[in-house]
Amino acid sequence: MDFSKYPVTLVIIAINVLVSLVGFSNNNFVARTIMWPWRVKSNNEIHRFITSGFLHADFMHLIFNMFTFFFFGASIEQRFAVYGLGGNISYILLYVSALVISDLPSYFKHKDDINYRSLGASGAVSAVVFASIVFDPWTTLWLYGAFRISALIFAVLYIVYCVYMSRKSTDNVNHDAHLWGALYGLVFTIALIALMQPALFDGIIQELKSPSFFGRN
């Protein structure tokens, strides 16, 4: 694999790794950058919408997010360039705006809760994953490396799962960020195509007409 083809993806990963590594050993840094809705509201610390998206709770959290992001991000970086969809500018805009949009529901839900905090790139990663699904809905995904499923079926199950877990609220995962990041990725990409290259919809629609539950490579 030629990594030089994905410079933006690799830079975003590098920033995530560096910021997270600092956070692992510096609690004061985390306190100043984590998504803390109460502080955003009381002190107007809007930078937290961005900075919190580059922090991770631990190495496994970081590795999982960046591993997922690399494969889907590399795909989007190439597609946005090759298909005339704004290239790296659109790609960066998707990622950064997804950080903000995916955190908005949590902000409004918890802005008066002084104890609530969240962190992680999952909202932006979900946006990139779902942006990729727009172009290749029936590609094969392997859940946990063992279960084969098509990307579009995964997308439906993922949204249902996020809605269910958000309502259940029994763990420390920000399912709202996952859900709204995913939906935003779909809307952003469809709107981008409509504005810049509407002819691409012909190929996407034709692809959707040949479904495959287990996906195809």
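A crossing of two helices is called left-handed if the near helix is turned anticlockwise from the far one by less than a right angle, and right-handed if clockwise. By that rule, helix H1 passes helix H6 in a right-handed crossing. The structure above is a predicted model, in which local features need pLDDT of at least 70 and side-chain atom pairs count only at pLDDT 80 or more, while totals for chains, interfaces and linings use all residues. Residues are numbered from 1 along each chain as its sequence is written, and side-chain values use heavy atoms, with hydrogens and water left out.

**How to read the helix terms**

- Helices (H or I, at least four residues) and strands (E, at least two) are DSSP runs, numbered from the N terminus.
- Axes are lines fitted to C-alpha atoms, for helices over the stretch in contact, and angles run from 0 to 180 degrees between N-to-C directions.
- Angles under 35 degrees count as roughly parallel, over 145 as roughly antiparallel, 65 to 115 as roughly perpendicular and the rest as oblique.
- Contact means heavy atoms within 4.5 Å.
- In the class counts, Ala, Val, Leu, Ile, Met, Phe, Trp, Tyr, Cys and Pro are nonpolar, Asp, Glu, Lys and Arg are charged, and the others, Gly among them, are polar.

**H1 with H6**

- The axes of H1 (residues 7-25) and H6 come within 11 Å and cross at roughly 30°, so H1 and H6 are roughly parallel to each other.
- On the H1 side, the contact is made by Val-8, Thr-9, Ile-12 and Asn-16; H6 brings Asn-88, Tyr-91, Ile-92 and Tyr-95.
- Sorted by class, this contact of H1 with H6 has 5 nonpolar, 3 polar and no charged residues.

**H5 with H6**

- H5 and H6 (residues 87-110) have axes that come within 7 Å and cross at roughly 140°, which makes H5 oblique to H6.
- The crossing of H5 past H6 is right-handed.
- H5 contributes Phe-69, Gly-73, Ala-74, Ile-76, Glu-77, Phe-80 and Ala-81 to the contact, and H6 contributes Gly-87, Asn-88, Ser-90, Tyr-91, Leu-94 and Tyr-95.
- The contact of H5 with H6 has 8 nonpolar, 4 polar and 1 charged residues.

**H5 with H7**

- H5 (residues 59-82) packs against H7 (residues 122-135) at an angle of about 40°, with the axes 9 Å apart, so H5 and H7 are oblique to each other.
- H5 passes H7 in a left-handed crossing.
- Among the H5 residues making this contact are His-61, Asn-65, Thr-68, Phe-72 and Arg-79, while those of H7 include Ser-122, Val-125, Val-128 and Phe-135.
- By class, the contact of H5 with H7 has 9 nonpolar, 7 polar and 1 charged residues.

**Aromatic residues**

- Rings of Phe, Tyr and Trp (its six-membered ring) pair if their centres lie within 6.5 Å; planes under 30 degrees apart count as stacked, over 60 as edge-to-face and the rest as tilted.
- The count by this rule comes to 15 aromatic pairs.
- One of them is the tilted pair Phe-154 and Tyr-158, at 5.5 Å centre to centre with 35° between the planes.
- Phe-154 and Tyr-158 are 4 residues apart in helix H8 (residues 151-168), so about one helical turn separates them.
- Both Phe-154 and Tyr-158 are buried (under 20% relative accessible area, with exposed meaning over 50% and partly exposed in between, for a 1.4 Å probe and protein chains only).
- Tyr-184 and Phe-188 form a tilted pair too, with 5.8 Å centre to centre and 55° between the planes.
- Tyr-184 and Phe-188 lie in helix H9 (residues 175-196), 4 residues apart or about one turn, and both are buried.
- Tyr-6, Phe-67, Phe-70 and Phe-71 make up one aromatic cluster.

**Single residues to look at**

- Ser-97 lies in H6 and is buried, with a relative accessible area of 15%.
- Leaving aside its neighbours within four places in sequence, Ser-97 is in contact with Tyr-184 and Phe-188.
- His-178 is found in H9 and counts as buried at 15% relative accessibility.
- From C-alpha to C-alpha, His-178 and Cys-162 are 6.9 Å apart in space and 16 residues apart in sequence.
- Most residues other than glycine have a negative phi.
- Asn-44 has a positive phi of about 60° although it is not a glycine.
- Asn-44 lies in the loop between helix H3 (37-43) and helix H4 (48-51), and counts as exposed at 57% relative accessibility.
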